[in-house]
Amino acid sequence: MLKYPCLVLDHDDTVVQTLKTLSYPFWCLELEQFRPGVTMSLADYVLQCYRWGFADMCREIFHFTDEELKQEHSQWNAYIHQNIPAPFPGIDRIIRRQKEEGGMLFVVSHSNSDTISRDYDAHFGIQPDSIYGWERPKHERKPNPWPLEDIMAKYGFKPEEILVVDDMQLACQMAEPLGVNVAFAGWDDMGVPEQRRDMEARCAYSFDSVAEFEKFLFD
């Protein structure tokens with residue numbers, strides 16, 4: 001019997017390694033385009049995205065206009081469609097075992113569903129049972145509880161049967177009102193103590209490696 005028959009996974013920096021190889025290098029290019037001469041270290045980028053969320057970081061720290069944000073998002077979509085991030089080693093076993101042992105798997109992410117579906121095809125050869133991506137209306141995106149409410153309504157899961165796995169606090173904001181547990185995906189350490197400290201304090205579980213998480217789920 002599965003410990004959690006319903007897994008709800010984040011995508012970027014939980015399943016695939018987006019930050020260091022794609023999103024931060026792309027952000028440096030965007031800064032040069034929109035704010036020439038301004039730079040930002042990887043550690044500061046991670047910290048400010050964690051504190052603000054990406055869009056609000058752009059607005060509050062770099063004073064992006066709505067038009068600049070639309071342009072940035074369009075360019076990011078073009079960029080990510082041409083580049084497939086690598087998965088974290090071992091995450092494929094968790095995804096396959098969850099499905100093979102009769103569980104269900106969902107993705108709730110701020111990436112678009114088409115790129116998430118592409119990554120699952122490319123790396124795992126299977127698809128999640130459903131994907132809740134950025135293209136949905138704002139009230140249906142994380143951190144709103146709606147994705148979890150929809151999963152429970154459609155598939156009959158109780159809160160205690162669901163585990164959300166994520167590296168950011170938005171997952172906690174989504175899950176806590178419904179009494180759903182969150183596990184901190186701590187296997188991509190960005191060297192930002194504030195993020196790790198907050199997530200470890202707030203989440204029901206914390207895992208430093210994919211292997212540790214696999215053992216928790218299935219052993």
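Predicted model: local features only at pLDDT ≥ 70, side-chain atom pairs only at ≥ 80, totals over all residues.

Q: Why are H1 and H4 called oblique to each other?
A: Helix H1 (residues 19–34) and helix H4 (residues 66–81) pack at an angle of about 140°, with their axes 11 Å apart. Roughly antiparallel would need an angle over 145, and roughly perpendicular runs from 65 to 115. H1 and H4 are therefore oblique. Their crossing is right-handed.

Q: What makes the contact between H1 and H4, residue by residue?
A: From H1 come Thr21, Leu22, Ser23, Phe26, Glu30, Gln33 and Phe34, and from H4 come Glu68, Gln71, Glu72, Gln75, Trp76, Tyr79 and Ile80. By class, the contact of H1 with H4 holds 6 nonpolar, 5 polar and 3 charged residues.

Q: Why is H1 called roughly perpendicular to H2?
A: The axes of H1 and H2 cross at roughly 90° and come within 11 Å. The range for roughly perpendicular is 65 to 115 degrees, so H1 is roughly perpendicular to H2. On the H1 side, Leu19, Lys20, Ser23, Tyr24 and Trp27 meet Leu42, Tyr45 and Val46 in H2. This contact of H1 with H2 divides into 6 nonpolar residues, 1 polar and 1 charged.

Q: What makes H2 oblique to H9?
A: Helix H2 (residues 42–52) and helix H9 (residues 193–202) pack at about 40°, and their axes are 9 Å apart. Roughly parallel applies to angles under 35 degrees, and roughly perpendicular to 65 to 115. H2 is therefore oblique to H9. Val46, Leu47, Tyr50 and Arg51 of H2 make the contact with Glu194, Gln195, Asp198 and Met199 of H9. The residues of the contact of H2 with H9 are 4 nonpolar, 1 polar and 3 charged.

Q: Which residues of the largest nonpolar core touch the most other members?
A: They are Tyr120, Leu163, Val165, Trp187, Phe213 and Leu217, in a core of 27 residues. Two or more residues are given to this core by each of strand E1 (6–9), helix H5 (91–100), strand E2 (104–108), helix H6 (113–123), strand E4 (162–166), strand E5 (181–185) and helix H10 (210–218). H10 supplies the largest share, 5 residues. Leaving aside neighbours within four places in sequence, Leu217 is in contact with Lys3, Tyr4, Leu7, Ile94 and Leu163. Apart from this core lies another, of 23 residues, among them Tyr50, Val108, Met174 and Val182.

Q: Which residues of H6 are buried?
A: Ser113, Thr115, Ile116, Arg118, Asp119 and Tyr120 are the buried residues of H6. Their cover includes E1, H4, H5, E2 and strand E3 (130–132). Just after H6, Gly125 takes a positive phi of about 70°.

Q: Why is Ser130 called buried?
A: Its relative accessible area is 17%, and buried means under 20%. Ser130 is therefore buried. Ser130 is placed in strand E3. Beyond its neighbours within four places in sequence, Ser130 is in contact with Leu105, Phe106 and Val107.

Q: How do you know that Ala175 is buried?
A: The relative accessibility of Ala175 is 0%, against a limit of under 20%, so Ala175 counts as buried. Ala175 belongs to helix H8. Leaving aside neighbours within four places in sequence, Ala175 is in contact with Leu148, Val164, Val180 and Val182. From Ala175 to Met152 is 23 residues in sequence and 12 Å in space, C-alpha to C-alpha.

Q: What covers the buried residues of H7?
A: The cover includes E1, E2, E3, E4 and helix H8 (170–175). In helix H7 (residues 146–155) the buried residues include Pro147, Leu148, Asp150, Ile151 and Met152. Gly156 follows H7 with a positive phi, near 75°.

Q: Why does Phe157 count as buried?
A: Phe157 has a relative accessible area of 12%, and the cut-off is under 20%. Phe157 is therefore buried, although its place is in the loop between H7 and E4. Apart from neighbours within four places in sequence, Phe157 is in contact with Pro5, Cys6, Met104, Phe106, Ile151, Met152 and Ile162.

Conventions: Residues numbered from 1 in each chain as written. Heavy atoms only, no water. Axes fitted to C-alpha atoms, helices over the stretch in contact; angles between N-to-C directions. Helix = DSSP H or I, 4+ residues; strand = E, 2+ residues; numbered from the N terminus. Left-handed = near helix turned anticlockwise from the far one by under 90°. Contact = heavy atoms within 4.5 Å. Nonpolar A, V, L, I, M, F, W, Y, C, P; charged D, E, K, R; others polar. Core = buried A, V, L, I, M, F, W, Y, C linked by side-chain atoms within 4.5 Å. Buried < 20%, exposed > 50% of the residue type's maximum accessible area, 1.4 Å probe, protein only.
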